[in-house]
Amino acid sequence: MKLIMAVIQDKDSTRLSDALVKADYRATKLSSTGGFLKAGNTTFLIGVEDESVEDVMGIIQKNCRSREQVVAPISPMGGNADSYVPYPVEVQVGGATVFVLPVDQFEQF
């Protein structure tokens, strides 16, 4: 058994949730915040049998796309101002960061 942890952009959350339910996979959704852009993310915890990992990974890849976004920089309060960029920059956001972890034991009460 494996635990798939997928950190995705909030904009893709509903689409991925619907696709997982349609494919008969259960998931737990957690609100999370990214460290770089300080923007809202959703973290999905999905427990699956080993043979279902590739199927779930395909569902995640199909429903979580990256996109370009213009962001305003955050002022370096008390930090090093040498790397501070004082104007908005375009960055790539979205997609998914996925971790697949082995599960030694699973219990449901």
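Visitor: What is the mean pLDDT of the protein chain?

Guide: pLDDT is the predictor's confidence in each residue, from 0 to 100. The chain mean is 83, and 71% of the residues reach 70 or more. Among the elements, H2 has the highest mean, 96. Strand E5 (residues 89–94) has the lowest, 62. Where pLDDT is low, predicted coordinates should not be read in detail.

Visitor: How many helices and strands does the protein chain have?

Guide: Two helices and six strands. Helices (H or I, at least four residues) and strands (E, at least two) are DSSP runs, numbered from the N terminus. Along the sequence the pattern reads β-α-β-β-α-β-β-β.

Visitor: What makes an open sheet of four strands here, and in which order?

Guide: Two strands pair if DSSP finds at least two bridges between them. Eight bridges join E1 to E3. Six join E2 (residues 28–33) to E3. Seven join E1 to E6. Each of these pairs therefore meets the threshold of at least two bridges. The order is E2-E3-E1-E6, with antiparallel pairing.

Visitor: Which are the edge strands?

Guide: E2 and E6, as each pairs on one side only. The twist averages 20 degrees from one strand to the next.

Visitor: Which residues stand opposite each other in these pairs?

Guide: Leu3 stands opposite Gly47 in E3. Ala6 stands opposite Val98 in E6. For Leu30, the bridge partner in E3 is Thr43.

Visitor: Which residues of helix H2 are called buried?

Guide: Buried means under 20% relative accessible area, exposed over 50%, partly exposed in between (1.4 Å probe, protein chains only). In H2 (residues 53–63), Val53, Val56, Ile59, Ile60 and Asn63 are buried.

Visitor: How do you know that they line one face of the helix?

Guide: Seen down the axis of H2, the buried residues fall within an arc of 125 degrees, so they line one face. The arc is that of the directions from the helix axis to the C-beta atoms. On the other side, Glu54, Gln61 and Lys62 are exposed.

Visitor: What do the buried residues of H2 pack against?

Guide: Strand E1 (2–9), helix H1 (13–22), strand E3 (40–48) and strand E6 (96–102). Contact here means heavy atoms within 4.5 Å.

Visitor: What makes a set of residues a nonpolar core?

Guide: Its members are buried Ala, Val, Leu, Ile, Met, Phe, Trp, Tyr and Cys residues, joined through side-chain atoms within 4.5 Å. The largest such core has 15 residues. Those with the most contacts inside it are Leu16, Leu20, Ile46, Val56 and Ile60. E1, H1, E3 and H2 each supply at least two core residues. H2 gives the largest share, four residues.

Visitor: Which residues is Leu20 in contact with, leaving aside its neighbours within four places in sequence?

Guide: Tyr25, Ala27, Phe44, Ile46, Val56 and Ile59.

Visitor: What share of the residues count as buried?

Guide: Of the 109 residues of the protein chain, 28%.

Note on methods. Residues numbered from 1 in each chain as written. Predicted model: local features only at pLDDT ≥ 70, side-chain atom pairs only at ≥ 80, totals over all residues. Heavy atoms only, no water. Axes fitted to C-alpha atoms, helices over the stretch in contact; angles between N-to-C directions.
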